[in-house]
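The sequence and structure come first.

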Amino acid sequence: MAARPVSRMLQRVLRSSVRRCSSGAPVTQHRPGEPSRTAAEELSRRRQFLREHAVPFSAFLTDSFGRQHSYLRISLTEKCNLRCQYCMPEEGVPLTPKADLLTTEEILTLARLFVKEGVDKIRLTGGEPLIRPDVVDIVAQLHQLEGLRTIGITTNGINLARLLPQLQKAGLSAINISLDTLVPAKFEFIVRRKGFHKVMEGIHKAIELGYSPVKVNCVVMRGLNEDELLNFVALTKGLPLDVRFIEYMPFDGNKWNFKKMVSYKEMLDTLQQQWPELEKLPEEESSTAKAFKIPGFRGQVSFITSMSEHFCGTCNRLRITADGNLKVCLFGSSEVSLRDHLRAGASEEELLRIIGAAVGRKKQQHAGMFSIAQMKNRPMILIELPLMLQDSPPAIPSISSQDPFHVQGIRHRVSFSNRMSTWWKGCWVSRTPPLGQRWSNSPQRHCSSHLDSDANPKCLSAVSGAPATPSGPLPTSDQLTHVDTEGRAAMVDVGGKPDTERVAVASAVVLLGPVAFKLVQENQLKKGDALVVAQLAGVQAAKLTSQLIPLCHHVALSHVQVRLELDGARHAVGIRASCRAWGPTGVEMEALTAAAVAALTLYDMCKAVSRDIVLGEIKLLSKTGGQRGDFHRT
């Protein structure tokens, strides 16, 4: 008797002469002459009956602290079509042999068992679940399970636009899309693959098909994307999104570092400084998210506070890995193989006892962020969709290529939410070439980033010594423009200046010394590819200039290019940064900031090898488009 939950016994008692489904909800026989109900109407009526005639929850899914586990996450595959630096350990992840993974029938058998015991929500995860060929069929068969109210999926979005119409027809009711940056170049740097525009198309398609809200998961990491919080939130002004900021969590192989974690309170403070009217929404039962909304915005923002403010007390989640192991806690290392028992011929009652024993052993709460970081656990890719980022990026794999490193599509935005809404409606596609190409170990190794397809393909060497063409002396002012009549610092009023195309180029040189130079040339630094990291830092710095230099105006850059080239004769790296914008003020500060920060980043990448590194020759090379004429350094 103990093997059968009370819920099943009560359903027998509830049966009457009226034909009923297995849930106890009455199923009315169609009578001739009466209009027939649609399948959707019938399903809606049955679910209403279940809500009104709820039966006691299964004892097998209730732990010793009274938590009822009604939410099951099933990993469909360990494979993924991206190669995120923050998901897999540097040495890679050994995949489980196909024969040891759950078959489709085994997945459905376990799903039916859990739903019969009270699970009313199933989320399909991975790896990347949408690369599984039969994912649409799995959703359709899950949709037939009586009592299952929600079928969700967590995806990286690459295949979403193509598959979502079929998935919606099959019964998919909820979507979570992982997206950690809105900068195309940074996206490719992180995932080592193209696809930013495909993710955008997927989110756009989800909105178009009526999913509301569309949940966008963003793992926030200091030094990588915490500067994009406001841009993500701005998207919710005109779009029905739930942007969910997730605290960076430790898993095996992701080199978790507390300093990289941006806490919920810090993120919330950043948002409240921009939007003081931000208001907290009521928390749903068993929700992992703290939800907020800006009055007048269509969407909302949420925070997943797994590390700083855990929600273990209301946890209702269980997980089944792709190889059939049951995990009762995401951060726990204990697992029990349901696959092995299933293949050994275990009966439903035996499986329930095994599941019940595992749930009963679930601890009151996880061990805390610092203890978790020391525990042995699966890499996130082998549990479900990646959420983590390693402390420092590994060296990009060697690919024989003579082409320089290109990063395109970098664009800083003014009136971000309006531009993004227009962009999404038009389903803008960035033309972004492959990122992460390695160069052969030759003295000509160099690194560049640029936006425009018509950019000069020649190497912009900052150490070539070739003079630029002068265009006459630049008229100078006899007064400091950032000082008022009383000698106090003041920002220049550019409101009356005409908008023109502004272009500026700046350079810097980093003298590394022979040891550090050789390691950079051969890409052997333990921290990773110094040229790639410095190039990306320079691009980011150009966009953030107004936040770093107090009296600089915020400029909407239409072009950023940072190029680095090795100079073997001097054991140096030459840096050349160019910026372009259309507006009333120049962009020389953006170019200078890009060159300077790229130089500083090279120093940081190499300082463990040598402290005898010299940064110098930071200078403006040219500036065009201003009222006082053009400038070209000779």
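## H559 and S578

In this predicted model, the side chains of H559 and S578 are joined by a polar contact of 3.4 Å. A polar contact is a pair of N or O atoms within 3.5 Å; within protein, one must be able to donate a hydrogen and the other to accept it, and residues adjacent in sequence count only if both atoms are side-chain atoms.

H559 belongs to strand β15 (residues 557-567). With a relative accessible area of 5%, H559 is buried. Buried stands for under 20% relative accessible area, exposed for over 50%, and partly exposed for values in between (1.4 Å probe, protein chains only). Strands (E, at least two residues) and helices (H or I, at least four) are DSSP runs numbered from the N terminus.

## Basis of the values

Residues are numbered from 1 along each chain as its sequence is written, and side-chain values use heavy atoms, with hydrogens and water left out. As the model is predicted, local features need pLDDT of at least 70 and side-chain atom pairs count only at pLDDT 80 or more, while totals for chains, interfaces and linings use all residues.

## Salt bridges

Side chains of opposite charge can pair when their charged atoms come close. The structure holds 19 salt bridges, a salt bridge being a side-chain nitrogen of Lys or Arg within 4 Å of a carboxyl oxygen of Asp or Glu. One of them joins K116 and E348, at 3.0 Å from N to O. K116 lies in helix α3 (residues 104-116) and E348 in helix α11 (residues 348-360), so this pair ties together parts that are 232 residues apart in sequence. K116 is partly exposed at 39% relative accessible area, and E348 is partly exposed at 33%.

E501 and R580 form another salt bridge, with 3.8 Å between the closest N and O atoms. This pair links distant parts of the chain, 79 residues apart: E501 is in strand β14 (residues 500-511) and R580 in strand β16 (residues 572-583). E501 has a relative accessible area of 42% and is partly exposed; R580, at 24%, is also partly exposed.

R339 and D340 meet through their side chains in a salt bridge of 2.9 Å, N to O. Here R339 is buried, at 13% relative accessibility, whereas D340 is partly exposed, at 42%. Elsewhere, a network of salt bridges links K186, D227 and E228.

## Strand β1

In strand β1 (residues 71-75), 5 of the 5 residues are buried, so the strand is largely enclosed by the rest of the structure. Both of its faces are covered, with Y71, R73 and S75 buried on one side and L72 and I74 on the other.

Strand β1 runs parallel to strand β2 (residues 121-125), to which 5 bridges join it. It also runs parallel to strand β10 (residues 317-320), through 4 bridges. Strands pair if DSSP finds at least two bridges between them. I74 has L124 as its bridge partner in β2 and I320 as its bridge partner in β10.

## Chain totals

The protein chain has 17 helices and 18 strands. Of its 634 residues, 52% count as buried. Among contacts (heavy atoms within 4.5 Å) with a separation of 6 or more, 76% are between residues 24 or more positions apart.

The accessible surface of the protein chain comes to about 28900 Å², and 52% of that belongs to carbon and sulfur atoms. Accessible areas come from the Shrake-Rupley method with a 1.4 Å probe; for residues, only the protein chains shown count as cover.
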